[in-house]
Amino acid sequence: MKIYVINGPNLNMLGIREPDKYGNTSYKELCALILEHCEKCGIEPLLYQSNHEGDLVDFIQRAYFDGACGIVINPGAYTHTSIAILDAVKSTMLPTVEVHISKVEEREDFRQVSYIRSACVKTITGHGIQGY
């Protein structure tokens, strides 16, 4: 079983950026935890991070053409702004889970809007890196 794990802008700064909201775990450490867990479960994860919207759209579409079974995505700030990412997820028709490390529902007003949520089978927020 192949799953795409996609992370958007600034997630490469985990452990550095606002550790009070996102924790002290680095992006490299997060990836290692995901890979370790997936290996135990017999899942083949493809991990990807980009700060560029078009690159994220390309990778989402690649999941479809590559025969992935699903997508786990933390679109970062694009959650609140990107119709292109929403459309890419919808076009794949793959089960997609939206993940956020912080509790976005308790943050700024602009973070209350999630464009991608309507295309997701589940949303996980506020569980730190364990949400993945």
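At 70% relative accessibility, Phe 65 counts as exposed, where exposed means over 50% relative accessible area, buried under 20% and partly exposed in between, for a 1.4 Å probe and protein chains only. The structure is a predicted model, in which local features need pLDDT of at least 70 and side-chain atom pairs count only at pLDDT 80 or more, while totals for chains, interfaces and linings use all residues. Residues are numbered from 1 along each chain as its sequence is written, and side-chain values use heavy atoms, with hydrogens and water left out.

**Aromatic rings**

Phe 65 has a ring partner in Tyr 64: the two centres are 5.0 Å apart and the planes stand at 85°, so this pair is edge-to-face. Rings of Phe, Tyr and Trp (its six-membered ring) pair if their centres lie within 6.5 Å, and planes under 30 degrees apart count as stacked, over 60 as edge-to-face and the rest as tilted. In total, the structure holds three aromatic pairs. Another of them joins Tyr 48 and Phe 59, which are stacked, with 4.2 Å from centre to centre and 15° between the planes. Because Tyr 48 lies in strand E2 and Phe 59 in helix H3 (residues 53-65), this pair ties together parts that are eleven residues apart in sequence. Helices (H or I, at least four residues) and strands (E, at least two) are DSSP runs, numbered from the N terminus. Tyr 4, Tyr 48 and Phe 59 make up one aromatic cluster.

The table gives the accessibility of the residues in the two pairs described.

| Residue | Relative accessible area | Class |
|---|---|---|
| Tyr 48 | 23% | partly exposed |
| Phe 59 | 7% | buried |
| Tyr 64 | 41% | partly exposed |
| Phe 65 | 70% | exposed |

**The sheet**

Five strands form an open sheet in the order E2-E1-E3-E4-E5, with parallel pairing; two strands pair if DSSP finds at least two bridges between them. Strands of a sheet pair through backbone hydrogen bonds, either parallel or antiparallel. The edges of this sheet are strand E2 (44-49) and strand E5 (122-125), each of which pairs on one side only. On average, neighbouring strands are turned by 15° against each other, direction ignored.

Strand E1 (residues 2-7) pairs with E2 over six bridges in the parallel sense, and with strand E3 (residues 70-74) over five bridges, again parallel.

**The largest pocket**

The largest pocket has a volume of about 250 Å³, a volume being the space filled by probe spheres set on grid points that are joined across faces, edges and corners. On a 1 Å grid over the protein atoms alone, a pocket is an open set of points where a 1.4 Å probe fits, with protein on both sides within 12 Å along at least five of seven lines, and lining residues have an atom within 4 Å of a point. The lining includes Ile 3, Val 5, Leu 30, His 37 and Tyr 132. E1 and H2 each supply at least two lining residues, and H2 gives the most, with five residues.

Definitions and conventions:
Axes fitted to C-alpha atoms, helices over the stretch in contact; angles between N-to-C directions.
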